[in-house]
Amino acid sequence: MQKIFSPPKSLRNIITHYCPGCGHGITQRLIAEVIDELKIREKVIGVCPVGCAVVAYDYWDFDCTEAAHGRALAVATGIKRVRPKNIVFTYQGDGDLAAIGTNETIHAANRGEKLTAIFINNAVYGMTGGQMAPTTLLGQKTITTPQGRKKEKEGYPLKISEMLAILPAVKYIARVALFSPQEVLKAKQAIKVAFENQINNLGFSLVEVLSPCPTYWKLSPKAAMDWIKDVMIKEFPLGRIK
Amino acid sequence: MVNKKILITGNEAIGKGAIDAGCFFYAGYPITPQNELTSYMAESMPKAKRIFIQAESEISAINMVFGASAAGMRAMTSSSSPGISLKQEGISYLAGAELPAVIVNVMRGGPGLGNIAAAQSDYFQATRAGGHGDYHCIVLAPFSIQESYDFMKLAFDLADKYRNPVLILSDGMLGQMMEPLFLGRSRHTPYAIHHTPKWAISGCLRRKPNVIRSLYLKEGVLEKLNLKLQEKYKKIKEKEARYEILYLEDAKIILVAYGTMARIVKSVVKKLRQKGKKIGLIRPITLWPFPEKIFQYLSLKHKGLKFLVVEMSYGQMLEDVKLALNGKAKVEFLGRAGGGIPTEEEIIKRVIAL
């Protein structure tokens with residue numbers, strides 16, 4: 001008998017700490033599957049910065065390092081420059097990549113570092129209890145925008161992926177979602193391309209994943225998925241950006 | 001290496017020392033008065049087939065160093081006072097994750113933007129964990145161009161030995177001035193640049209995955225890490241304190257100074273000795289661990305000793321001297337900062353008045 005399905009080798013068989021309905025578990029599994037399929041587990045290095053993303057190093061079964069808040073792409077730059085044969089990727093939330101770490105994000109991308117960035121956009125700060133993120137939608141209520149985000153006070157949701165797309169050294173940018181099996185498969189395909197680009201030494205690649213945070217959106221897991229499909233993708237359209 | 005004498009600035013000597021010590025990765029950001037070091041590395045690192053990056057910020061530079069170090073390579077960054085303040089979070093992460101790295105501070109006047117003149121006002125920041133948490137960096141204070149070069153090898157060796165960040169505390173004077181540097185004296189064995197420590201992240205080929213971290217949320221785990229760090233610091237304190245002494249056998253007055261200030265103080269001590277004054281010098285070379293035992297030994301051996309601490313600050317190392325002596329001898333202080341440097345005349349006047 002031939003075995004045709006098993007859990008990814010790159011993922012440890014343990015229970016995660018993530019809330020019910022969270023998108024981190026799905027995305028981390030997709031990354032693990034891609035790493036297995038590309039047969040790069042023995043040379044991959046993951047960089048997990050502060051936020052709900054950080055504990056990914058407890059779930060993945062390959063070399064990982066922590067990074068200070070916002071500094072994942074600087075840490076990854078240091079690793080990749082001294083170990084160009086390794087495959088180095090970052091796994092960052094929206095606060096990390098698009099607020100406190102915007103500088104590192106733009107400059108690593110602009111230098112064309114041969115890195116893969118997986119960007120979890122859930123429009124809210126999860127680990128600290130539901131504050132406004134740079135990607136929080138207008139009108140979206142968070143504990144620091146209790147009346148909803150107002151453009152006059154807090155500005156607009158930051159479209160970091162579109163901003164990065166104008167940089168000549170950036171090879172690939174895609175925005176994906178997880179609200180249906182089809183979208184999950186598309187997300188996995190985009191993540192695979194982003195890793196393949198690094199294997200082929202092509203340049204900086206980033207995949208933005210619109211990911212549910214039912215806890216701080218105050219929605220059920222199903223309603224959170226629907227909110228991405230019905231509301232979030234209007235502000236953050238899916239597909240290849242570059 | 002053949003015996004060779006070259007004329008070089010302190011900043012360049014640090015760069016050369018780092019490269020000869022096997023530094024594989026350098027990231028820096030422009031700031032005066034350490035720019036000669038960054039430009040030296042920009043020129044020399046690629047020639048030696050090493051990595052140089054001009055980072056977009058001091059913060060990014062220290063975190064690139066974190067990455068290169070986590071990947072198992074000898075890595076360093078350099079800056080001057082305000083830039084070193086920006087690096088403190090990164091240094092705390094290095095200490096927490098027990099990663100070796102060398103950080104050079106070519107100190108300038110503060111606080112704030114201050115000025116670009118030499119100063120020693122970052123002593124507290126360097127020796128007291130400039131960032132958050134209970135940690136220490138090993139701090140080396142060169143006082144010549146020769147030491148600026150030699151201490152880089154020592155710094156990388158100590159960083160690797162203890163898996164701990166090491167700070168080099170230079171200053172604007174030492175960084176900018178030129179002096180002859182003798183090469184080829186070193187008895188150190190050359191460092192194997194591509195050696196990968198077993199804890200480093202390099203891909204989990206034929207071994208279990210490695211994780212570099214400083215986050216420990218489970219109850220009691222972080223306390224255990226802290227106790228482990230404290231044990232390490234205790235060992236460093238016992239083994240790594242370094243200092244230079246001069247004329248201590250019969251000295252009644254002992255001057256204490258480090259770095260650029262020690263050059264001036266040393267000249268004062270020699271001049272007053274010629275005039276028959278019973279005066280001596282202690283020059284701490286490691287500022288952390290502070291060489292407290294020599295102070296304790298002297299205060300027990302000779303009663304009635306007087307110490308004069310001279311600094312380009314308003315009394316920072318002074319606290320360590322007082323802590324070491326614990327009230328057993330009289331401690332006086334002379335200091336200037338913000339670009340002011342105590343002169344020979346000022347020091348002599350003060351010694352005479354003691």
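## A tour of chain B and its neighbour

Select chain B and switch to a cartoon view: there are 13 helices and 15 strands in this chain. With a radius of gyration of 21 Å, close to the 20 Å that the globule rule gives for 354 residues, chain B is as compact as a globular protein of that length. Keep in mind as you look around that this is a predicted model.

**Stop 1: the whole chain**

Along its principal axes, the C-alpha trace spans about 70 × 50 × 40 Å. Of the 354 residues, 52% count as buried. If you consider the contacts in chain B with a separation of 6 or more, 79% of them are made by residues 24 or more positions apart.

**Stop 2: two domains**

Now give the domains of chain B two colours. Domain 1 takes in 4–201 + 230–237, and domain 2 covers 245–353. Their centres, taken over C-alpha atoms, are separated by 27 Å. Where they touch, domain 1 of chain B contributes 25 residues and domain 2 of chain B contributes 22 residues.

To view the domain 1 side of this contact, select helix 6 (123–127), strand 6 (138–140), strand 7 (165–171), helix 8 (172–176) and helix 9 (221–239) of chain B; these are the elements giving two or more residues to it. Colouring by residue class, you will find 16 nonpolar, 7 polar and 2 charged residues on the side of domain 1 that touches domain 2.

**Stop 3: where chain B meets chain A**

Bring chain A into view. Here 34 residues of chain B are in contact with 28 residues of chain A. On the chain B side, select strand 3 (51–54), helix 3 (58–70), helix 5 (88–96) and strand 9 (211–212), each of which supplies at least two residues. By class, the side of chain B that touches chain A has 22 nonpolar, 9 polar and 3 charged residues.

**Stop 4: a strand pair across the chains**

Finally, zoom in on strand 9 of chain B together with strand 2 (residues 63–67) of chain A. These strands pair in the parallel sense over 2 bridges. Which residue of strand 9 of chain B is the bridge partner of Thr65(A)? Show Ile212(B) beside Thr65(A), and you have the two partners on screen.

Terms used. Residues numbered from 1 in each chain as written. Chains lettered and ligands numbered in written order. Predicted model: local features only at pLDDT ≥ 70, side-chain atom pairs only at ≥ 80, totals over all residues. Domains from an automatic or database assignment. Contact = placed C-beta atoms within 7 Å. Helix = DSSP H or I, 4+ residues; strand = E, 2+ residues; numbered from the N terminus. Nonpolar A, V, L, I, M, F, W, Y, C, P; charged D, E, K, R; others polar. Rg over C-alpha atoms; globule rule 2.2 N^0.38 Å. Buried ≥ 20, exposed ≤ 12 C-beta atoms within 10 Å, placed from the backbone. Pairing = 2+ DSSP bridges.
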